[in-house]
Amino acid sequence: MDIVLYILAAICLLVGFLGCFLPVLPGPPVSYIGLLLLQATDRFHFSVGQLVLWALLVVVVLVMDYLMPVLGAKYSGGSKWGKWGCLVGSIVGIFLFAPWGILLGPFIGACIGELAGGKGIGDAVKAGFGAFVGFLVSVVLKAVLCVYFVYCAITAC
């Protein structure tokens, strides 16, 4: 039975890492499930503290995945309109226009929000670019966490 769990855990860790770049797959939660599968074997034993900390990190990274584009829009000069547009664009992009919507949703949403708020096209594009940079930062955060999970799995053997 352990061999089946090892194989499933390895698949989860790999799919989780790929999920950092493919918007259809939830990367860090799938990688965390891989660690939980390893925990169920006789060979791998993580402490309760590690498992709780890792679960919290997954939640934080998932929240940051939605907040980073909004923060990027804000710090690039975007107004409240741009931040809300970025958030709506992110959500609409994920569900209606995947996979390209996840890339372009925050940018287009921030631009539309800024234009609706009365800003010029230059300011709108600047806020949209900030949202896109925020999205890229969130991808890097997810990838770092998934790589860390793989590292923990490898060093625990």
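**Helices, a buried aspartate and aromatic rings**

Modeller: Helix α2 has 13 residues and spans 19 Å from its first C-alpha to its last, close to the 18 Å expected at 1.5 Å a residue. The expected span is 1.5 Å times one less than the number of residues, and helices are DSSP runs of H or I with at least four residues, numbered from the N terminus. This is a predicted model, in which local features need pLDDT of at least 70, side-chain atom pairs count only at pLDDT 80 or more, and totals for chains, interfaces and linings use all residues. Residues are numbered from 1 along each chain as its sequence is written, and side-chain values use heavy atoms, with hydrogens and water left out.

Colleague: Which element has the highest mean pLDDT?

Modeller: pLDDT is the predictor's confidence in each residue, from 0 to 100. The mean for the protein is 87. Helix α4 (residues 80–96) has the lowest mean among the elements, 81, and the highest, 95, belongs to helix α2.

Colleague: What covers the buried residues of α2?

Modeller: Buried means under 20% relative accessible area, exposed over 50%, and partly exposed in between (1.4 Å probe, protein chains only). The buried residues of α2 include Gly27, Tyr32 and Leu38. With contact taken as heavy atoms within 4.5 Å, their cover includes α1 (2–19), α3 and α6.

Colleague: Where is the kink in α5 centred?

Modeller: The bend at a residue is the angle between axes fitted to the seven residues ending there and the seven starting there. In α5 the kink is about 30°. Among the buried residues of this helix are Gly105 and Pro106, and the kink is centred on Pro106.

Colleague: With which side chain does the side chain of Asp65 make a polar contact?

Modeller: Asp65 lies in helix α3 and is buried, because its relative accessible area is 18%. A polar contact is a pair of N or O atoms within 3.5 Å; within protein, one must be able to donate a hydrogen and the other to accept it, and residues adjacent in sequence count only if both atoms are side-chain atoms. At 3.0 Å, the partner of the Asp65 side chain is that of Ser138.

Colleague: Why is the pair of Phe44 and Phe46 classed as tilted?

Modeller: Rings of Phe, Tyr and Trp (its six-membered ring) pair if their centres lie within 6.5 Å; planes under 30 degrees apart count as stacked, over 60 as edge-to-face and the rest as tilted. The centres of Phe44 and Phe46 are 6.4 Å apart. The pair is tilted because the angle between the planes is 40°.

Notes
Helices (H or I, at least four residues) and strands (E, at least two) are DSSP runs, numbered from the N terminus.
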